[in-house]
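Please keep the sequence and the model in view while reading.

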Amino acid sequence: MTQISVRVDGASYTDEVEPRTLLVHYLREQLGKVGTVVGCDTSNCGACTVHLDGEAVKSCTVLAVQAAGSEVTTIEGIAQNGSLHPMQKAFHELHGLQCGYCTPGMIMASIDLVGDNPDPSEHEVREGIEGNLCRCTGYQNIVRAVQQAAAEMRGAQA
Amino acid sequence: MTAVEDRPMTAGPAKEVGQARKRKEDARLITGKTTWTDNMVLPGMLHLAVVRSPVAHAKLGTIDVEAARSAPNVVAVFTGRDLAEEQGSIPCAWPVTPEMVNPGHPSVAVDEVNHVGEAVAVIVARSKTAAQDAVELVDVDYDPLPVVLDMERALAEGAALTHDHVASNESYRWIFDAGEAGTGSSTDEAFAKADVVVSRRFVQQRLIPAFMEPRSTVVQPQGDNYTMWSATQVPHILRIMLAMTTGVPEHKLRVIAPDVGGGFGGKLQVTPEEVITLLVAKRLGKPVKWTETRSESLMSAHHGRDQIQYVDIAADREGNVLGLKVHLLADMGAYLRLVTPGVPILGAFMFPAIYKFPAYRFDCQGVFTNKTPTDAYRGAGRPEATFAIERIMDELAVELGMDPLELRRKNWINADEFPFTTVAGLEYDSGDYEQATQQALELLGYDELREEQRRRRESNDPVQLGIGFSTFTEMCGLAPSRVLGSLSYGAGGWEHASIRMLPTGKVEVITGSTPHGQGHETAWSQLVADELGVPFEDIEVLHGDTAISPRGLDTYGSRSLVVGGAAVVNASQKVVAKARTVAAHLLEASEDDLQFESGTFSVRGTPGSGVSIQEIALATFAAHNFPDGVEPSIDADATFDPVNFSFPHGTHICAMEVDTETGMVTIRKYACVDDVGKIVNPLIVEGQIHGGLAQGIAQALYEEAVYDEDGNLTTGTFVDYLVPSAADLPHFDTGNTVHEAPGNPIGAKGVGEAGCIASTPAVVNAALDAVRHLGVTDILMPLTPERVWRAIHRGGDGGDRATAGTNAYGGAQTETTAGVSTPESRLGGDR
């Protein structure tokens, strides 16, 4: 077992983990951060996407020990003072989710995408979220939501 | 789409139904406050891992579990022999013929394994990792048997057998002949007098539902009671079937479907793992959890489609269709699961589609192979039927030298002919195919694209353009119980609802139709808000728990709104009727003098007098001042059993670019106009269409479950099984026409499967339209660049080398599609 200290959604944790433990399993099973989910075992689906020091990562592709000393943000940590993140709000307003299983990862990946490209075209959004699979929506409303949130996030920065 | 305010801004009684309400469900789903089954943690909970067969067909020899049993933190190991007495057989609720052969389906294999991925042992451990580690320690002797994979070979004389104890690989043969049924005339006569007969062999490749949430089951024993949480579409059916299978009495079993991450038919099942989890929890008296990996899911959860379709169509020289003959081979896989044999039968009545065929014959053989069982997948039988008819209509148009749309128009049911009884004996309820088609043509920009197609053809552009149609209908709202009975299905098709009026005026709606992404909580709230005149926000929809919602038949077949929503409306109307009696008493008026508007009863012609239904709820709770002889409750139940199916329809048009140098296909534009009857929530309806389109397009272009010649699934991860990403799909231009369904109080027809049913043939027809002038007459699905390139440059359907050495259809073992002769017709056509 290896001891790690990590900040997750603004709180500090120190835990013993098996070296082989994936970050997603640490989040779900040791911290109870079950908002982040597992959808595959080959890093294709992106359902487990979180932010590691501000960058989107698939938390099934990161070992918990690699997150030691880092700041992790999950879907449970992006609403501020009780108000939804613009990306959460846009997914709701534009019906960018149905069953909602891919949604945490999709939202986290989309926030990172907009961070890199504040005004993405439809094509850029489609390319930018291709590492996240959704089986319900056909993606059209997700693309709209990302663009709407990007506009709101640009406005907030101005 | 324009954003819609949460609250109607207009004064007066704005109707909820028809508004693009944002979904109630989203609040928890966008914040991670979800209740997926795998989230569940219970004190002392044990974890399961399943040892699965790596071979497709073998006798089981010794299973040595000692090393696993003594591994750290392993609590128990069970083999099929340990569970044989209790596990029974996975139930098949649809014996389609009295003679149907069901080989039996043990949850854990006992003597023989019949497909790769079948369970052979179960590890129970204190942690999931300990259980998975111990899987490697189980040593199984497999004594290999011949592997049966190809349906056409499986039916040949002297073929090896899928199961040791069956006489042949045919499970059943099911025939519908319109001439014999009295719903049409003889196909033999129709074909004999035809000027033109076109025959084709189409392949519906095997697909995997690939819901995003892997399956998971938790069972908690409490004395002799058991609570099961499961990622299922069908908690009610699951409870009944588990009781009948395992001997745990129904009243001792509670099944809960918490948040469920998609299903698409894939979670319409009683799975071996649900049985195993229940039996292990029962044996050990401890809570037990099983959650699958994606790889386990792809190889062991049921698959869909997988048919070979021999289709013959007869017409006169003017393009009037005279007859249709369909011979299906439907791959059951190794076992019959819940509705495996019934899936092709659900399609049996839909091959004639929207066309006025005088004669029709359908002949289906269910065939066993050593592959994962098939069962429901979005559309279940109807996408297969729609593909066959919409493809062969294009082939007939080519044969006749007619425009494909003109041929359709000449033969489809006209708007003034509804209700129309088809040659298959179904009564289509309402619609207007011309109107939907006109609207779709405009949405697509048809004339411009046809012009561009002509230019590209003339200039011999390496990128050719094609336009493909699908003018589909489907059969929704499963189902009238009597019809299901006549088809030997093991249950009814009704749906149940209850309305509970709480003392504070809030409303609980209990529905038997359990959602997994469809937005029931929002749409049902809209229905009830209109019926009761209470605010949308004051309504809570409860579902998916057999203790809370004791009666229900769950969610599949686009039935939720059409059948379940109808029950909700009827129950609401009963509440209003009961409240009226109380209101009359409180207002000291005759019931006949009361009007009910916007949630308030008032005496006609007496402004200012009035009592709201929410106030009546409180008065009912107190029951201090109640009419004599009336029980103090205004709650109500309703069970709705439809008299007929509903028949959504629409016109889907795909414009496809085909790069003739690389074989790459790109959807240039996709336009569709769907008539799903009354629209309760346009936001949700559009979303359902989008999602269906994605899955239908994925069948045409991307997805196929491929087995190698030893029966290994070679598309067993998301690396190999190509669920499309956002970058793989186009923008969709969607529209609606509205012809209400007369068969339910809402007027809705069902929308869950429409996009998936309609889109596949439109996409393939479009690709063929782009390259038909180059001599291409068919391309096997999925239309990979290699297949398309080979079809253009090497002839045939592109399926020769791409899949050689595998059992993908079109592989070396099967004939090519184009020009194949079938035993079904003896006339010329294009062969």
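Two residues are in contact if their C-beta atoms, placed from the backbone, lie within 7 Å. The model is predicted, with pLDDT of at least 70 needed for local features and 80 or more for side-chain atom pairs, whereas totals for chains, interfaces and linings use all residues. Residues are numbered from 1 along each chain as its sequence is written, and chains are lettered from A and ligands numbered from 1 in the order in which they are written.

**Domains of the two chains**

Domain bounds come from an automatic or database domain assignment. For chain A this assignment gives domain 1 (2-77) and domain 2 (86-157). Chain B is divided into domain 1 (37-145 + 213-261 + 267-300), domain 2 (173-208 + 302-477 + 644-794) and domain 3 (494-640).

| Domain pair | Distance between C-alpha centres |
|---|---|
| Domain 1 and domain 2 of chain A | 21 Å |
| Domain 1 and domain 2 of chain B | 36 Å |

In chain A, 15 residues of domain 1 are in contact with eleven residues of domain 2. On the domain 1 side, β3 (49-52) and β4 (55-58) of chain A each supply at least two residues, and β3(A) gives the most, with three residues. Strands here are DSSP runs of E with at least two residues, helices are runs of H or I with at least four, and both are numbered from the N terminus. By class, this side of domain 1 of chain A has seven nonpolar residues, seven polar and one charged. In this classification, Ala, Val, Leu, Ile, Met, Phe, Trp, Tyr, Cys and Pro count as nonpolar, Asp, Glu, Lys and Arg as charged, and the others, Gly among them, as polar.

In chain B, 25 residues of domain 1 are in contact with 27 residues of domain 2. The side of domain 1 of chain B that touches domain 2 comprises 14 nonpolar, ten polar and one charged residues.

**A loop residue of chain A**

A:D53 is placed in the loop between β3 and β4 of chain A. Is A:D53 buried or exposed? A:D53 counts as exposed because it has 12 C-beta neighbours inside 10 Å; the limit for exposed is 12 or fewer, that for buried is 20 or more, and residues in between are partly exposed. Apart from neighbours within four places in sequence, A:D53 is in contact with A:S70 and A:E71.

**The contact between the chains**

Chain A brings 43 residues to the contact and chain B brings 40 residues. On the chain A side, the elements giving two or more residues are α2 (86-93), α3 (103-116), α4 (122-128) and α5 (140-157). That side has 20 nonpolar, 16 polar and seven charged residues.

**Sheet and core**

Chain B holds an open sheet of five strands in the order β7-β15-β14-β13-β8, with mixed pairing; two strands pair if DSSP finds at least two bridges between them. The edge strands, β7 (170-177) and β8 (196-207) of chain B, each pair on one side only. Within chain B, β14 (residues 321-333) and β15 (residues 359-368) pair in the parallel sense over ten bridges.

A nonpolar core is a set of buried Ala, Val, Leu, Ile, Met, Phe, Trp, Tyr and Cys residues joined through C-beta atoms within 7 Å. The largest nonpolar core has 312 residues, and B:L48, B:V122, B:I123 and B:A767 have the most contacts inside it. Helix α18 (residues 560-587) of chain B provides the largest share of this core, 13 residues.
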